[in-house]
Amino acid sequence: MRIPLQLGRRQMAVAGPLGSHQALDREQYIVRFDTHQRLQHFLMMSTFIILLFTGFPQRFSELGVSQWWVSTLGGLETVRTIHRVAGLVMLADAVYHVCYLIHRIVIQRRLGALDMIPKPKDARDAYHMLRYFLRLSPERPKFGRFSYLEKFDYWAVFWGIAVIGISGLILFLPVLATRFLPGETLQVAHIVHGDEAILAVGWILLVHMFNAHLAPWVFPFNPAIFTGRLSRKHYAEEHPLEYAQLKMSEPAVASQPEGQPGCRTVSETDSLPSTMGSVPGPEGEAQSVEGMR
Amino acid sequence: MTVIGWSSRTPASLAGAEPLASAGDVVSEGVPAPSADGPELPSNDFCLICHSQPGLSVTLSDGEEQPLDAVDPEALSSSVHGELSCLSCHPTQSTLPHPKLTHMGKHLTIDTDSDVPLCSSCHEHEYEAYLDSVHGTVTKLEDDRAPNCIDCHTTHSVQPVQEWTKSDRAERCGQCHTGANTKFADGALGHRAPSRGWFTVTYFSGQFLIVLTAAVLAFGILHVEFDVLRWIVGKVQNGKKGSTKR
């Protein structure tokens, strides 16, 4: 019988059937993101950076550095072309993501993605986190698959892509847009496109980059969204409620292959619903996407 | 006829010539207000003897030949600038032979080194508003396709904007934006910033975005700060025995 893992910042003893020393030596991981999600994030990240560097000189055209940067890139027409192509790729990525969700939820009947929908627990978690920050509570709130901050991050991007994407299309094709929409739409699009971009870039640089890179507990880099995998230890710390559910559906440790150095995952089990696909492990074998409900 | 303009500023003396008329002055057609010190300056009729003719060109000081548009005397006199002397805007050309122009600036600078168009000397507010517009962005980033004042307003036949019809505007936009309709033309801000009474939806969209940005970034930054501070406090309390993870 497993001794439950001790969770929380101050509780460091890690007990398990293999003994704490061995459990920490042999890093175990859980797959958290599938290939589609990793690709979607990569496309979002790349196009975001390109759009930022081709869009901000236009938003802040009065600055000398903007004028210098545009001429360095080959003139305004080149900058606009790059910006529009990247924007269309980002919109395509958004469509890809929505289609992926529809396929996963409606066709595959895997409802894990619905965890992203905000619930009253998220408000309670935010309140408890505030109490924790103010040292009115000794423990952080326990999160499921997505914390309130991750949900905020996701829906903020959802909103941002909608606003920036639609206004960007209007600015790209203003003659077509005004065949159906009133002329003031062009001015609204111009304002919201640039200002929402400022919001998005501000959030990504100041908050997302912190949580993903600069936070002392992930520095230099949280690779989960790129590799798709998160160590069991981190999983238990960051998403204890989901981790507890996953543990309940794990097979016994004895059934795992012996003598596997380095990372291992929990092997496939029939008790899970059908998976999206599998991610090759370091040994080259296909291993279950256990974290994917 | 009193000259009515958007600005009450005096036409600038770009090359040091005396201002010849002020907006609001009643000026007889073509006759500038005489300068107290200088010689009598030519009337518009005099300039138009040559400049109403097509086919003129000017050789710049670097040898480049620049064609000149003919000025239609009737269009000029019926325009909003009809009461102004030619020299109000072209002060360096008061003598014959005309002094050499060094360049014809794309912003209608006409023999000045200024990057600021001639028109802005009287219409400064409109020019500032133009710079904030999408067309202004193109100008500031030095794309030659940017429309300048005369692309929309013409040179010597400027009409009051209130007299433009919707189809006039659409046609003007359509010179660059092929297929533009009247709704497209309605999207032009008209050199005025959005306000509660002008492009109201635009104005409140901008205000909303400001509030949203401030609120969201404030939340995010505070969350990050508290997170780090709480982690530091935890580390201090736990000492080296504490986890490096949260």
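User: Hey, which helix is A:Ser66 found in?
Analyst: A:Ser66 sits in helix H3 of chain A, residues 64-73. Helices here are DSSP runs (H or I, at least four residues; strands are E, at least two), numbered from the N terminus. By the way, this is a predicted model, where local features need pLDDT of at least 70, side-chain atom pairs count only at pLDDT 80 or more, and totals for chains, interfaces and linings use all residues. Residues are numbered from 1 along each chain as its sequence is written, chains are lettered from A and ligands numbered from 1 in the order in which they are written, and side-chain values use heavy atoms, with hydrogens and water left out.

User: Is A:Ser66 buried or exposed?
Analyst: A:Ser66 counts as buried because its relative accessibility is 6%. Buried means under 20% relative accessible area, exposed over 50%, and partly exposed in between (1.4 Å probe, protein chains only).

User: What is A:Ser66 in contact with?
Analyst: Leaving aside neighbours within four places in sequence, A:Ser66 contacts A:Phe56, A:Pro57, A:Phe60, A:Ser61 and, over in chain B, B:Leu141. Contact means heavy atoms within 4.5 Å.

User: OK, on to the two chains. How many residues does the contact take from each chain?
Analyst: Chain B puts in 49 residues and chain A 55 residues. The area buried between them is about 4,800 Å², with 67% of that from carbon and sulfur atoms. Buried area is the accessible area (1.4 Å probe) that two parts lose on being put together, summed over both.

User: How many salt bridges are there between chain B and chain A?
Analyst: Three. A:Glu77 pairs with B:Arg145 in a salt bridge, their closest N and O atoms being 2.4 Å apart. The rule is a side-chain nitrogen of Lys or Arg within 4 Å of a carboxyl oxygen of Asp or Glu.

User: Which helix gives the most to chain B's side?
Analyst: Helices H5 (134-140), H8 (182-186) and H9 (200-238) of chain B each supply at least two residues to the side touching chain A. H9(B) gives the most, with 24 residues.

User: New topic: where is A:Ser167, and what does it touch?
Analyst: A:Ser167 is in helix H6 of chain A, residues 148-172. Not counting residues up to four places away in sequence, A:Ser167 touches A:Ala189, A:Val192 and A:His193.

User: Buried or exposed?
Analyst: A:Ser167 is buried, at a relative accessible area of 3%.
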